[in-house]
Amino acid sequence: MSTHSGPGLQSNSGHVLAVDAMGGDHGPAEVVAGVRLALRSESSKIRILLVGDKPVLDRLVDNEGLSGDDRVEVFHASEVIGMDEKPIAALKQKKDSSMVRAIESVKDGRAQAVLSLGNTGALMAGGTLRLRPMEGLARPALATVIPSRGHQFVLIDAGANPDADPIHLLHNALLGKEYARCALGIKNPRVGLLSIGTEEGKGSEKILEAHALLKGANGVFNYCGPVEGFQLFRNEVDVVVCDGFTGNILLKTLESCFDMLKTFLKEELMDNPMRQAGALLSRGAYNAVRRELNPESLGGAPLLGLNRLVIKSHGSSTRGYVAGAIRVAGEALQHDLTGAIRADLDQLANGANISNAK
């Protein structure tokens, strides 16, 4: 393990992921444990730059048996941005925070991507200000994978840009398409625009304009048209496009619904000895459902559209989710997700003749 501030991992083969180790609700111990899980199962050659309080991280790295692993380096940062701090003020006042130092390591070329469990607003603001949106793309968007039975789909935007214009929705479709190709292995993802109806003329003025833009972007998308909420779990589309306001509400509603159903089912099955016996006999089926709907393997949501890769994971993420987020970052880097997005932006500008104003 390297612990200095020189070139370090940059000189080794493989991509480097800067991990803000101090931002999660469970503290750096859970983050470092997640790093161990990821490196134990990671098939790609991703390397980890742990950013945070060096004495604390050195001890945790040693506890996890990573002190002799040359894939791990510790980079010292003396401050932490809290979850309740105002993003812009925190970025200005805490320039030696683990989040800022992790983002700066990507800007400086020491790492190729950053992962944080910390303050979402600060991460989005810091990533946007320091890593900058790609040329031709106005605003980044958060993408997340939603599990379903026998199928997964990408939801974008999940909260980065609440007030999106039609051109932003067009860009969200492009970003979501490339993320579905990378994360889900779908060669030609089906893209749908979330609306209140599938008929022509249904939806707000913004949705109608975005629908027209998507139809006009021939050759860039496999656009299936508007989709309604009840279609999302029917394996009809692979990418669901919306603004960040709608997407964030949808995401949190789904998470709450899944948690409620899980708790409700557990309570009912434990209600009496007969049901408990039935639950024991059905354990295999329940485990199969848990595996299929388990979100841990996709524990990170990338902020797409920046010149470098930024991954956001829940503040409450446990080690399994951290390992999943590292896997997401590794696959995105391995498949050159940002390069694919740039190529699509060029095709959109040259082939679709659509203005990027606004």
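Predicted model: local features only at pLDDT ≥ 70, side-chain atom pairs only at ≥ 80, totals over all residues.
Biologist: How do H4 and H5 lie to each other, roughly parallel or roughly antiparallel?
Modeller: Helix H4 (residues 98-107) and helix H5 (residues 120-131) pack at an angle of about 30°, with axes 10 Å apart. Axes are lines fitted to C-alpha atoms, for helices over the stretch in contact, and angles run from 0 to 180 degrees between N-to-C directions. Angles under 35 degrees count as roughly parallel, over 145 as roughly antiparallel, 65 to 115 as roughly perpendicular and the rest as oblique. H4 and H5 are therefore roughly parallel.

Biologist: What is the hand of the crossing of H4 and H5?
Modeller: A crossing is left-handed if the near helix is turned anticlockwise from the far one by less than a right angle, and right-handed if clockwise. For H4 and H5 the crossing is right-handed.

Biologist: Which residues of H5 make the contact with H4?
Modeller: Contact means heavy atoms within 4.5 Å. H4 contributes Met99, Val100, Ile103, Glu104, Val106 and Lys107, and facing these in H5 are Ala122, Leu123, Gly126, Gly127, Arg130 and Leu131.

Biologist: How many charged residues does the contact of H4 with H5 have?
Modeller: Ala, Val, Leu, Ile, Met, Phe, Trp, Tyr, Cys and Pro count as nonpolar, Asp, Glu, Lys and Arg as charged, and the others, Gly among them, as polar. On that basis the contact has 7 nonpolar and 2 polar residues, and its charged residues number 3.

Biologist: How is H1 set against H2, oblique or roughly parallel?
Modeller: Helix H1 (residues 28-41) and helix H2 (residues 54-63) have axes 10 Å apart and an angle of about 45°. That angle makes H1, relative to H2, oblique.

Biologist: How many nonpolar residues are in the contact of H1 with H2?
Modeller: Pro28, Ala29 and Val32 of H1 meet Val56, Leu57, Leu60 and Val61 of H2. No polar and no charged residues take part, and the nonpolar count is 7.

Biologist: Is Ser105 buried or exposed?
Modeller: Ser105 lies in helix H4, and beyond four places in sequence its contacts are Ala18, Leu49, Arg110 and Ala111. Buried means under 20% relative accessible area, exposed over 50%, partly exposed in between (1.4 Å probe, protein chains only). With a relative accessible area of 5%, Ser105 is buried.

Biologist: What is the phi of Arg132?
Modeller: Arg132 sits in the loop between H5 and strand E5 (141-148), helices (H or I, at least four residues) and strands (E, at least two) being DSSP runs numbered from the N terminus. Arg132 is partly exposed at 44%. Although Arg132 is not a glycine, its phi is positive, about 65°.

How values were computed:
Residues numbered from 1 in each chain as written. Heavy atoms only, no water.
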